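Subject: Structure for your review

Dear colleague,

Please find below the structure that I am handing over to you. My findings follow directly after it.

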Amino acid sequence: MSTQVTTAGVFPSFEQVFQGFASQIGMLRQMAPKPTLTDEVRVQRAIDTLIAETNADEAVWLESCIHCGQCTTACHYFQAMGDSKYAPMRKMELYRRIYQREIGPFRWWYKLITRPIKLKDLEELQELVYDSCSECGRCTMVCPMGIDTASLVHHQRSALVAAELVPAELAALRQEQKQMGTVFGSSAEALLKMVATIREQCGVEIPVDKPAAEVMVLSSAVDLVGNGNGLLATARVMNHLGVDWTICSDGFESANFGLLSGDMSLWRKQVEPIVAAAQRIGAKTLVIAECGHAYPALRWNPMLKSDALPFDMVYMSEYLGRMAKAGRLKLTPIEGKFTYHDPCKTGRRGGAFDEPRAVLKAMDADFVELPSNKEYNWCCGGGAGIFLLERATKLRDESFKIKLNQVNATGASTVVVSCASCRLNFEAGRVKNHWDKEVASLVELVADHLIDQPAAAGTTPRQGVSA
Amino acid sequence: MSLLEFARGPAIHWSLVILVAGIIWRLLGVLVLTRGADLSRPRDAFGNFKGYRTVFSRAWPNGEFTTATRYQTIMAYLFHFATLIVVVGITPHIEFIESLTGASWPALPNALGVAIGTIALISLIALIGRRISKPEIYCSNLGDYITWVLIAAPLLTGLMTFAHIGPRYETMLAIHILSVAVLFVWFPFSKLMHAFWFVFSRAQSGLAYAHKGVRI
């Protein structure tokens with residue numbers, strides 16, 4: 001088993017969760033919607049989308065590349081495959097061609113010397129912007145021009161949404177979330193059922209739909225349809241802290257397949273009920289579940305004017321870190337040697353570096369950094385929805401070996417992650433490589449090391465062990 | 001009109017006009033586009049401002065990438081500085097600049113000029129050698145090679161002119177000036193524009209990441 005499960009037997013181990021997910025993902029491919037538009041319309045919609053999303057920032061980045069090749073070896077997918085088509089600079093070539101033909105300063109010239117865009121070009125783009133770019137941003141760290149390839153890739157995902165070219169698995173989940181509002185069927189009923197199970201089987205209360213609460217906590221589909229331990233751990237930690245918290249059944253889903261697929265309108269639509277619920281209950285803090293992309297979906301949502309909102313949005317690892325620093329988490333020391341994997345979306349592209357480390361420090365962990373860490377961390381290979389793509393299995397498995405070697409180099413026995421998607425990918429890598437390391441979720445690790453004197457709401461904060 | 005008169009006269013003057021007009025056109029064509037707004041709250045109230053330091057900090061790759069970038073970074077720096085010194089440091093160039101602008105300054109000794117020009121050419125050859133030997137890393141296109149040839153040509157012809165190698169001096173000088181004219185015409189339409197873009201590109205990314213509290 002990869003994690004310590006306190007309430008043994010109630011919920012499956014994460015290894016079983018991972019296996020369950022693998023079979024569910026297999027079904028997604030049959031559920032994917034088929035294209036309905038003509039080829040010409042699909043191409044035109046892709047071009048229109050890219051033009052609409054191209055501002056001066058994107059134009060400058062597209063103009064700046066000098067083909068110096070530095071980004072190539074910074075990319076884990078190139079490292080894994082050794083094939084130059086995975087070089088980050090090539091993931092913006094089609095975008096540049098469209099930009100040069102349509103809005104660039106010399107468009108009259110480029111219309112003469114470049115080929116018009118065909119559906120086949122967009123079909124070939126699919127592998128480059130979905131399967132082989134997790135939008136992790138590591139290439140930006142080495143680029144002498146500082147080009148933000150990840151955001152250029154994201155715009156191209158938007159274009160492929162318009163062209164009905166989203167990979168089957170993401171397309172199916174996008175459609176489900178768009179039409180039903182659920183992910184893997186994780187409806188409000190599924191939430192209430194899971195909450196009841198946790199109450200009955202583990203004796204842990206989860207306050208649902210309180211009319212007012214200081215802290216609103218999100219869950220995620222991974223918690224609800226598979227890993228009940230994640231929600232259980234969250235509840236135990238929140239109850240331990242004694243804060244006034246709740247989960248809202250009309251805004252609990254962290255996962256956002258608008259962001260992952262590139263569908264900006266679905267991204268916005270999914271965020272609205274969460275923001276509305278937080279405002280209704282007068283929340284001061286919104287805690288985002290350990291679901292990496294939910295952090296940029298909410299906290300760094302460029303379409304959401306968060307300065308005007310009456311609440312803060314924090315990632316689970318950030319929240320735990322702040323509580324640990326404030327001495328409010330009372331934790332037992334932890335045995336063994338630990339390292340921490342920064343998820344791309346909360347690390348390099350999110351900035352939550354210190355807080356998860358503060359949590360491990362509060363547990364007196366024997367902590368050692370990965371050889372490449374924080375801003376320079378290697379992606380695990382499964383981010384930005386890639387974990388779900390069957391076609392990307394080889395890309396994922398090969399690139400994960402970088403991570404595997406880096407963790408091995410630390411000598412740690414456990415690698416802590418704070419992102420469900422990373423964790424699923426680590427689990428896949430652990431099983432496939434018969435890896436002797438443990439993979440632990442930060443919130444579950446904390447829940448397993450709470451010094452639990454029942455903490456009533458409003459309890460004076462206590463000093464942490466070593467925070 | 002002799003070849004040299006043509007090179008010194010209409011060729012170099014018109015190429016300069018195209019150079020300046022082309023640069024302005026391309027810069028303006030991009031910079032007049034709207035800026036996308038990120039409405040999310042920055043991590044620190046004044047943190048975004050720190051992003052501008054990326055313009056300077058990215059002048060040298062982080063230690064994380066030393067192994068992969070060392071050769072190219074050193075060669076690129078040698079090439080850029082050596083070329084810059086030769087362009088503004090030797091007597092004939094200063095005289096040309098003086099004829100255009102009236103400004104002038106002391107020149108380097110001839111021997112030093114030749115030595116630095118040679119360094120520039122050798123470092124440029126070292127860079128193309130690496131580009132050709134590792135095609136999967138560089139993903140080169142036609143523009144990369146044209147740009148290399150057009151940059152190498154003035155260096156090579158300049159050294160030959162200076163050392164009186166090849167055709168008669170006047171012809172060699174004319175070829176050198178014409179090679180520069182071709183380079184000037186190519187500049188605004190090519191990746192050589194990175195001489196300007198790098199400031200904007202680095203600043204944009206620096207700001208976008210600083211917004212989230214990340215130092216890149």
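Leaving aside neighbours within four places in sequence, Ser15(B) is in contact with Ala181(B), Phe184(B) and Val185(B). Please keep in mind throughout that this is a predicted model. Ser15(B) belongs to helix H1 of chain B. Is Ser15(B) buried or exposed? There are 21 other C-beta atoms within 10 Å of Ser15(B), and a residue counts as buried when 20 or more lie within that distance; Ser15(B) is therefore buried. Pro92(B) provides a further point of reference: 77 residues separate Ser15(B) from Pro92(B) along the chain, and their C-alpha atoms are 19 Å apart.

Chain B as a whole contains 9 helices and 0 strands, so that its pattern, read along the sequence, is α-α-α-α-α-α-α-α-α. Its C-alpha atoms fill a box of roughly 65 × 40 × 35 Å along the principal axes. Of the 216 residues in chain B, 30% are buried. Among the contacts in chain B with a separation of 6 or more, 76% are between residues 24 or more positions apart.

The next topic is the meeting of the two chains. Here 49 residues of chain B are in contact with 48 residues of chain A. Which elements of chain B give two or more residues to this side? They are helix H1 (3–31), helix H3 (66–89), helix H6 (135–138) and helix H9 (194–210). H9(B) supplies the largest share, 10 residues. Sorted by class, the side of chain B that touches chain A has 20 nonpolar, 16 polar and 13 charged residues.

I now turn to chain A. It is divided into domain 1 (39–164), domain 2 (181–325) and domain 3 (337–448). The C-alpha centres of domain 2 and domain 3 of chain A lie 22 Å apart, and 25 residues of domain 2 are in contact with 26 residues of domain 3. On the domain 2 side, the elements that give two or more residues are helix H13 (228–241), helix H16 (294–298) and helix H17 (316–325) of chain A. H17(A) gives the most, with 8 residues. That side of domain 2 divides into 12 nonpolar, 8 polar and 5 charged residues.

Two packed helices are described by the angle between their axes and the distance between the axes. For helix H19 (residues 393–410) and helix H20 (residues 420–432) of chain A, the angle is about 90° and the axes are 10 Å apart. H19(A) and H20(A) are therefore roughly perpendicular to each other. Arg396(A), Asp397(A), Phe400(A) and Leu404(A) in H19(A) meet Asn425(A), Gly429(A) and Lys432(A) in H20(A). By class, the residues of this contact are 2 nonpolar, 2 polar and 3 charged.

Finally, I describe the nonpolar cores. The largest has 169 residues, and those with the most contacts inside it are Leu160(A), Met216(A), Ile288(A), Leu320(A) and Val446(A). A second, separate core of 26 residues includes Ala7(B), Leu124(B), Ile151(B) and Phe187(B). To return to Met216(A), and not counting residues up to four places away in sequence, this residue touches Thr246(A), Cys248(A), Ala277(A), Ala278(A), Ile281(A), Ala283(A) and Leu286(A).

With kind regards

Key:
Residues numbered from 1 in each chain as written. Chains lettered and ligands numbered in written order. Predicted model: local features only at pLDDT ≥ 70, side-chain atom pairs only at ≥ 80, totals over all residues. Axes fitted to C-alpha atoms, helices over the stretch in contact; angles between N-to-C directions. Helix = DSSP H or I, 4+ residues; strand = E, 2+ residues; numbered from the N terminus. Parallel < 35°, antiparallel > 145°, perpendicular 65-115°, else oblique. Contact = placed C-beta atoms within 7 Å. Nonpolar A, V, L, I, M, F, W, Y, C, P; charged D, E, K, R; others polar. Core = buried A, V, L, I, M, F, W, Y, C linked by C-beta atoms within 7 Å. Buried ≥ 20, exposed ≤ 12 C-beta atoms within 10 Å, placed from the backbone. Domains from an automatic or database assignment.
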